[in-house]
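These are my notebook entries on a few residues that I looked up one after another. For each I wanted to know where it sits and what surrounds it.

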Amino acid sequence: MDEQPPIELLNLQETQEDLSFAFHPTSFDEYLGQKNLKEKLRVYVQASKMRDESLDHLLLFGPPGLGKTTLAKVMAKELDTSIKITSAPVLDRSGDLVAMLSNLSPKEILFIDEIHRLPKNVEEILYSAMENFCVDMIVGQGASAKSIRLPINPFTLIGATTKTALLSGPLQTRFGIVERIDFYDAEELAEIIIQNAAFFKIPIEPDAALSIGKRARGTPRIAKRLLRRVRDFAQVKQLETINMQVTNNAMEFLGIDQDGLNKLDRDILIKIIQDFDGGPVGLDTLAAMTGEDKETLGDYCEPFLLRLGLLQKTPRGRQIPPKKILYLRKRLLGEVISEQRDLFF
């Protein structure tokens, strides 16, 4: 058997996260947003507690930064159990996972982030563990090799992924509960911002919280990051309350406009308008012209621009919707031209 992974390191990592300067909800009531998802999870949690069984394995999928890890911790609190947290990229040996599974207490939760990145040989260990609560192993080599079955305690696997398409079919089918975490609206993000501001013990005006929420790209992680930057401005200005003025000043300094567009987003749109007459243009070309790697554009910028309706994906590449070109020219380039002239040319 391979050397046991440093379980203490996992606990240390979790402790460091808990001590970070951010609010960590400990119940469904404190976990704001995702109302429909929470209602379903409440039922699953209550039913498993009534049966005195471990919760069925759960797969959470959705864009990054929406709170999948936080939700897993909340579920551990709601289930009155402990949780071990790791990520797929660090489980590069099957022995690491076997040692982790064999050290789980009854009904404990094992949370694996980026589970779509599990190596194939490690993923196969999960099959029997999830279905039969046992681990099949090969001991020895050559003619003396034999298969043994190692029983483990009943546990709950919570997997998180941002790319379900990369998750293998056999692994997906072994999750009894599969749920998506959606983007948050501005009002939900404003509530999260007010909640975190209270944790920082800095009052914030509701309209300032909403203004930050509108700029957070539907993502709590970004909302919390922006709040910390606005807090810095308020502290330097020696303000006791975060108001609209300091919020607008901070956002202008950070280069984030009222819709959440940052400098890179604007650069992409300007390049498409100025150099390609609205497109289409390939992602590789845009990456070269903006000086960013293709993965950053495809994973971070493009989904947000698509959601705003400012970008389209076509077989020939990315383009700006024709109805948005005039609007973006005026907004980004400051062009004052009539609609008739724009259509004429």
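Entry one. I began with Thr-247 and listed its contacts in this predicted model: leaving out residues up to four places away in sequence, Thr-247 touches Ala-208, Ser-211, Ile-212, Val-230 and Ile-242. I then looked up the element it belongs to, and found Thr-247 in helix α10, which covers residues 244-254. Is Thr-247 buried or exposed? I noted a relative accessibility of 0%, and because buried means under 20%, Thr-247 counts as buried.

Entry two. Next I turned to Phe-155, which I located in the loop between β5 (146-151) and β6 (156-161). Its relative accessibility is 0%, so I wrote Phe-155 down as buried. Which residues does Phe-155 contact, if I set aside its neighbours within four places in sequence? I listed Ser-54, Leu-55, His-57, Leu-101, Leu-104, Lys-107, Glu-108, Leu-110, Ala-129 and Phe-133. I also checked Phe-155 against Met-130, and recorded that the two are 25 residues apart in sequence, while their C-alpha atoms are 8.1 Å apart in space.

Last, I looked up Asp-293, which I found in the loop between α12 (283-290) and α13 (294-307). What kind of surface patch do Glu-292, Asp-293, Glu-295 and Asp-299 form? I noted that together these four residues make up a negative patch.

How values were computed. Residues numbered from 1 in each chain as written. Predicted model: local features only at pLDDT ≥ 70, side-chain atom pairs only at ≥ 80, totals over all residues. Heavy atoms only, no water. Patch = residues over 30% accessible without salt bridge, like charges linked within 9 Å, V, L, I, M, F, W, Y side chains within 5 Å. Areas by Shrake-Rupley, 256 points an atom, 1.4 Å probe, with all protein chains shown as cover. Salt bridge = Lys/Arg side-chain N within 4 Å of Asp/Glu carboxyl O. Lys, Arg positive; Asp, Glu negative; His and termini not counted. Charge placed at Lys NZ, Arg CZ, Asp CG, Glu CD. Helix = DSSP H or I, 4+ residues; strand = E, 2+ residues; numbered from the N terminus. Buried < 20%, exposed > 50% of the residue type's maximum accessible area, 1.4 Å probe, protein only. Contact = heavy atoms within 4.5 Å.
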